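Please look over the model below with attention to its ligand and to the backbone around it. A short briefing follows.

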Amino acid sequence: MLVRNATLADGRVRDVRIEGERIDAVGRDLTGAGEVVDAAERLLLPGAVDAHVHFREPGAPHKETWRTGSRSAAAGGVTTVVDQPNTDPPTTTGAAYDQKELCADDSLVDYGINGGVTPDWDPETLFDRPVFALGEVFLADSTGEMGIDGDLFEDAVHRASEAGVPVTVHAEDATLFDESARDRAGEGTGRGANADAWSAYRAAEAEIAAVERAVEIGVDAGARLHIAHTSTPEAVDIVADAPDTVTCEVTPHHCLLSRDDLRDLGTFGRMNPPLRSEKRRVALYDRVVRGRVDLIATDHAPHARAEKETTLLDAPSGVPGVETMVPLLLAETLDGPLTAERVRDLTAATPAETFGLDRKGRVEAGMDADLALYDLDSPRTVRGSRLHSKCGWTPFEGRPGVFPEWTLVRGERVYDGAMDTFGSTDGANVRR
Ligand SMILES: NC(=O)N[C@@H](CC(=O)O)C(=O)O
Ligand SMILES: [Zn+2]
Ligand SMILES: [Zn+2]
């Protein structure tokens, strides 16, 4: 296949020739047998690597399956996903890893499978499998109630370090949560609930303190440590000032939404860590724009609409996002502060590099042909009903997004935007 006259993220116009699963050449006036695709006036990005998704199988296929989650990824230009361990059973033993890998057989995109830590985890059999990373390790309870104490965390970080496996952390210190704020939650349900109490309850200080401590432990252990869904500028600064062995991710929702949006979102805006003040959001996003944040990951955490339609304290935490990440960020290159190069780095090049995926994340000869093509002149309105996650809703309803015209995984067309149809290839475990 030959993709002709594509505009790359840095503005160069190039042909890209694909041979089998790989990019064979990037250059001008390339020739080659096979299908020729005209990409004039179109932006060609490396497929995004989303280092943080929750695809819910095994255990909760009514929320999402590997089939629906990976279709949602493909329709959003994401070609590699990393699944988190808070499923049922949790991915804390070799056998649980094997069970999840069977589910992931349905994936349309490439994937990694993380291992988790609970008091009864089995590092021996778990590290015997090709775990993508250990984590997210929960320092406080979130969906799945996998919060662990500091001693177990330290032990787990040491074991991962010995095994040469990176550790990703959900860093909140539950002892610093403001219990009194929970009382302000009130009785309304769904979009009618006052969800600001959730942000007051899981206070910013609880994240900042936990990140500080986790970084200390990670550096002492000589581990590769990655802080998941960093939601405060203070926590980003701690990571940015730490040694290079410590990295962090920020979600699109913490960049683009704040406590001010909770009036409309209600329980649909409840997630961990929670939305922060508009002031903190602006400071956080500024760090993303300036390149002080390593990468963007979605924490795609779908829950059924009916599960969210209850009181704030009863609703589950989490929002979907794998399909809207790149589209929203590309819209931010049109009338916002981002550049296409920054979007490429945050969503593809840096996550691939951070987690050692040396054939992913760049449009260069020798790389996997994981690619997505975009028409920046045709933004669309994000509608939950048009997305492909099983949950059918989005916290970004009504915002502009630039969705892909097509997405390739290792040279195979997995998504066709014009037809809104999917291919049938199998994604592969990137650590096998
Ligand atoms: N972020 C969330 O609010 N929820 C996540 C778990 C997590 O990442 O903490 C989920 O699995 O639902
Ligand atoms: Zn988390
Ligand atoms: Zn998560």
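**Ligand 1 and its surroundings**

In this predicted model, a nitrogen atom of ligand 1 is 2.7 Å from a side-chain N or O atom of Asp 299, a polar contact being a pair of N or O atoms within 3.5 Å; within protein, one must be able to donate a hydrogen and the other to accept it, and residues adjacent in sequence count only if both atoms are side-chain atoms. Taken alone, ligand 1 exposes 320 Å², and the protein buries 100% of that (Shrake-Rupley accessible areas, 1.4 Å probe).

Local features need pLDDT of at least 70 and side-chain atom pairs pLDDT 80 or more, while totals for chains, interfaces and linings use all residues. Side-chain values use heavy atoms, without hydrogens or water, residues are numbered from 1 along each chain as its sequence is written, and chains are lettered from A and ligands numbered from 1 in the order written.

**Contacts**

- Oxygen atoms of ligand 1 lie 2.8 Å from a polar side-chain atom of Asn 86 and 2.7 Å from one of Thr 143.
- Ligand 1 is surrounded by 17 residues, the closest including Arg 56 and Asn 272 (a heavy atom within 4 Å).

**Backbone**

- Asp 299, although not a glycine, has a positive phi of about 55 degrees.
- Most residues other than glycine have a negative phi, and most peptide bonds are trans.
- The peptide bond from Asn 272 to Pro 273 is cis, with omega near -15 degrees.
- Another cis peptide bond, with omega about 5 degrees, joins Glu 57 and Pro 58.
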